[in-house]
Amino acid sequence: MKKAISLLMCAVMLCLSLTACSGPNADMTEENITKTVETVETALKEFDIDNLNKYVDSSTLSIILGYAEEHEQFAELGRAIFGNLEMEIKSIDIDNKTVTVSVSNKDLAQTASDFAQQLKSEYSTFQLLAKLSSDLFLDTKLAQLCQDIEEAEILPQKIEMTLNIEQSKKNLVLSFNADAENAVSGGALSAIKTIYSN
């Protein structure tokens, strides 16, 4: 009997601890929005693929995440790009389902632009897409980019942006448009897109 009571108590304690440690849910409340922003900031800095897929809606990040699931080098690049990211909530608008945040990161626009320009001069788009599955290529090229990112300076001014909040079945999702992608990446994502759209 004592064993049964002990097991029951352990099960109750486990359930309570899991509930206390659970992340934000799908309720549109200030507390959940705040938790979601914090979760997204940490997920970007750690380039946590599971949480980024769960809490972020971003077309550009989705492409990078797809590659990162197959090649660790892309995850390392993500950690390099977002490692110095800081997000601070300025205001929450529950009625309009938005959150305004202030963002700071390294100034990566020129670094990313130079990298993309060099790749474009060396490889056609078709050749480059084929190279993205080569670990040797990724080890060489992305390691150099990560080194250049490490040497970049923090942007002198913070960027303010407003993100739309979507409700999925289990949690809230932050929607990143091109401006938001640009802000959190220190200009890196838009710099690369600009080179390859010309």
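The structure holds one cavity of 30 Å³ or more. By cavity I mean a set of points, on a 1 Å grid over the protein atoms alone, where a 1.4 Å probe fits but cannot get out. This is a predicted model, so to be clear on the terms of reading it: local features need pLDDT of at least 70, side-chain atom pairs count only at pLDDT 80 or more, and totals for chains, interfaces and linings use all residues. Residues are numbered from 1 along each chain as its sequence is written, and side-chain values use heavy atoms, with hydrogens and water left out.

At least two lining residues come from each of α6 (109-122), α8 (135-151) and α10 (188-197). Helices here are DSSP runs of H or I with at least four residues, strands are runs of E with at least two, and both are numbered from the N terminus.

Next, the strands. In β5 (residues 172-175), Leu172 and Leu174 point one way, Val173 and Ser175 the other, and all are buried, that is, under 20% relative accessible area with a 1.4 Å probe and protein chains only. β5 pairs with β1 (residues 56-57) in the parallel sense over two bridges; pairing requires at least two DSSP bridges. On the other hand, β4 (residues 159-167) runs antiparallel to β5, joined by four bridges, and the two form a hairpin with four residues between them. Leu174 stands opposite Val56 and also opposite Ile165.

Now the core. The largest nonpolar core has 52 residues, of which Phe47, Met161, Leu163 and Phe176 touch the most other members. A nonpolar core is a set of buried Ala, Val, Leu, Ile, Met, Phe, Trp, Tyr and Cys residues joined through side-chain atoms within 4.5 Å. Not counting residues up to four places away in sequence, Phe176 touches Val40, Val56, Asp57, Ser58, Met161, Leu163, Glu181 and Val184; contact means heavy atoms within 4.5 Å.

Last, Thr100, in strand β3 (residues 98-104). Is Thr100 buried or exposed? Buried, because its relative accessibility is 13%. Beyond neighbours within four places in sequence, Thr100 is in contact with Glu88, Ile89, Lys90, Ser91, Glu160, Met161 and Thr162.

How values were computed. Buried < 20%, exposed > 50% of the residue type's maximum accessible area, 1.4 Å probe, protein only. 1 Å grid on protein atoms, 1.4 Å probe; cavity = no way out; pocket = protein on both sides within 12 Å on 5 of 7 lines; lining within 4 Å. Points joined across faces, edges and corners; volume = space filled by probe spheres on them.
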